[in-house]
2 protein chains.
Amino acid sequence: MSERSYAILGTGALGGFYGAKLQKAGKDVHFLLKSDYEYVSQRGLVIESKDGDFTLPQVKAYHDVEKMPRCDVVVVALKTTQNHLLPQMLPPVVKDDGVVLVLQNGLAVEEEVAEIVSNVSIIGGLCFLCSNKVREGHIRHLDYGQITLGEYTSGYNSCGITDKMRQIASEFTSAGISMELTEDLLLARWKKLVWNIPYNGLSVILNARTDELMAYVHTRKLVEQLMYEVVAGAKSYGRIIPDSFIQTMLDYTVKMKPYRTSMKIDYDERRPLEVEAIFGKPLHKAQVAGVDLPQINCIYQQLKFLDQTLSQSQKPKSS
Amino acid sequence: MSERSYAILGTGALGGFYGAKLQKAGKDVHFLLKSDYEYVSQRGLVIESKDGDFTLPQVKAYHDVEKMPRCDVVVVALKTTQNHLLPQMLPPVVKDDGVVLVLQNGLAVEEEVAEIVSNVSIIGGLCFLCSNKVREGHIRHLDYGQITLGEYTSGYNSCGITDKMRQIASEFTSAGISMELTEDLLLARWKKLVWNIPYNGLSVILNARTDELMAYVHTRKLVEQLMYEVVAGAKSYGRIIPDSFIQTMLDYTVKMKPYRTSMKIDYDERRPLEVEAIFGKPLHKAQVAGVDLPQINCIYQQLKFLDQTLSQSQKPKSS
């Protein structure tokens, strides 16, 4: 295996978990932190995981990208609501001919990265991970953890399985992270939206868990209608998601343990919501391709209101 | 003027207000009550109104329609969520050749009445009234009060201004209630929905007042899009509402005092929501005419969820 170095931009529930797994497997990992910097640079990271707890008493922690070494693989593990920081963050930390691995939700996030850095490979990763940061330097991994990788090309043309993808997948796999490779990143991103759009949106707007949304006939129907609109959005870019996939997502969600979505957690903890990446971009992309998604538009505008009023209010609206 | 008798079915914020105004003007009014029956039968009604407070120390109060006399005009002033009671309530209380005056929100409420009673005239009334019941037998009239009347015919064919309408309007006007007559009840009902659908729906779903919905660009846009869907629904029945009407409603709402909609008040006070009359019926009617209203459908399904979870929960969700 290579001696490649990793930079983790955003050491939270997601970046902290994957970065810690990589370091535990012997990789050279550099963590960028904000609020937890002091704590983690002195005491390291604690990972409480269904796959086994572990502690990294010492990690290479940074508060400033300018102090980080240039790395072979830069993992973008920020929430998309922080992407306005990328033009300052990315250029100093990624090696020429290196890889930027974008582990973010939503659509078109790789395009933003491509506008910032050139001479790099950009790989998108879709994480199916259930984890929380429970306190400074302490991450609780509850379930799942798999990543689906696809390489980005301009215009999201499918580019097959590349060597760069295989190399990343091999290193993550050796760190105990389950990996899947896709030839078509855009298709994978739209497929993930089939779940993310209805459940993230409605869980925030209706103050509900996934099981509650599935238990009532009207929200179950609305979830399904929203899924069909996502499929129409994908189709506007020539990506075909079969109806059976929708049925699988519905069945899968009914069988899941009652689940508070990541956007609901953000809302409850009064963090900015990833409305643009998960709702705004798909809507805009479909519109450019001449397709209206009216119900997703309705959800989008409701979420924008909640996101803005949340950021301006003092007390939580829901508990 | 006539010596006609009035029955008020539902002596709440609306029926109590209009019934009290009629009795004060000398009409023979019979009030049906439920929870307030004991109190009102002993102490009468108190109306606190921007047009002048007054008290009716004695009113003809009933707890049971079977004990009421048959009346010339039966005013249906229940919330539409109580309309399952009409088949028992209406037949015993309305005179042959009498009038049923339906002062309810939503669409197609007259059709329901027409299925229950025949040999009567059915007149729909759209109330622009801002009033609350503040305690037993005590109604506070805050603003407005005008009623727009239109006579119902099978299929909602426009039937012009009828003598029955004029007679009711004359009696209400002499009681100090401002009246307008319309030749086309269905058009008037769709026009009222242009306001009621966006503001009632979004105020409940987003826990917001009208001024908050208008202050944020995304909800303002969504309000407007919902209004255009109502216009499309009206058009599916050949009723043309001009774009200028939408602009008027938006401007009017911006100028209004911050307003908690009637559905929001119902929600906050944990009463059933008039989802079917205001949202379900218009959706269904448009669908029958071959027109989809996707954003209204989204709002409808969200409200059904909130209405059902509200009825099953113990504590208020919002204050």
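Which residues touch the most other members of the largest nonpolar core? They are Val74(A), Val75(A), Val74(B) and Val75(B), in a core of 204 residues. A nonpolar core here is a set of buried Ala, Val, Leu, Ile, Met, Phe, Trp, Tyr and Cys residues joined through C-beta atoms within 7 Å. Buried means that 20 or more other C-beta atoms lie within 10 Å of a residue's own, exposed means 12 or fewer, and partly exposed is in between, with C-beta atoms placed from the backbone.

Some housekeeping. This is a predicted model, where local features need pLDDT of at least 70, side-chain atom pairs count only at pLDDT 80 or more, and totals for chains, interfaces and linings use all residues. Residues are numbered from 1 along each chain as its sequence is written, and chains are lettered from A and ligands numbered from 1 in the order in which they are written.

On confidence: pLDDT is the predictor's confidence in each residue, from 0 to 100. Chain A averages 95, and 97% of the residues score at least 70. Over residues 315-319 of chain A the pLDDT is below 50, and this stretch has six contacts in the model beyond near neighbours in sequence. Where pLDDT is low, the predicted coordinates should not be read in detail. For the complex, the predictor gives an ipTM of 0.92 and a pTM of 0.93.

Now the interface. Contact means that the C-beta atoms of two residues, placed from the backbone, lie within 7 Å. By that rule, 19 residues of chain B are in contact with 19 residues of chain A. H12(B) gives the most to chain B's side, with ten residues; helices are DSSP runs of H or I, at least four residues, numbered from the N terminus. Because 100% of the interface residues of chain B are also interface residues in chain A, the copies meet through the same surface.

One residue to look at is Leu222(A), in helix H8 (residues 217-235) of chain A. Is Leu222(A) buried or exposed? Leu222(A) is buried, with 27 other C-beta atoms within 10 Å. Leaving aside neighbours within four places in sequence, Leu222(A) is in contact with Leu202(A), Cys298(B) and Gln301(B).

Key:
Helix = DSSP H or I, 4+ residues; strand = E, 2+ residues; numbered from the N terminus.
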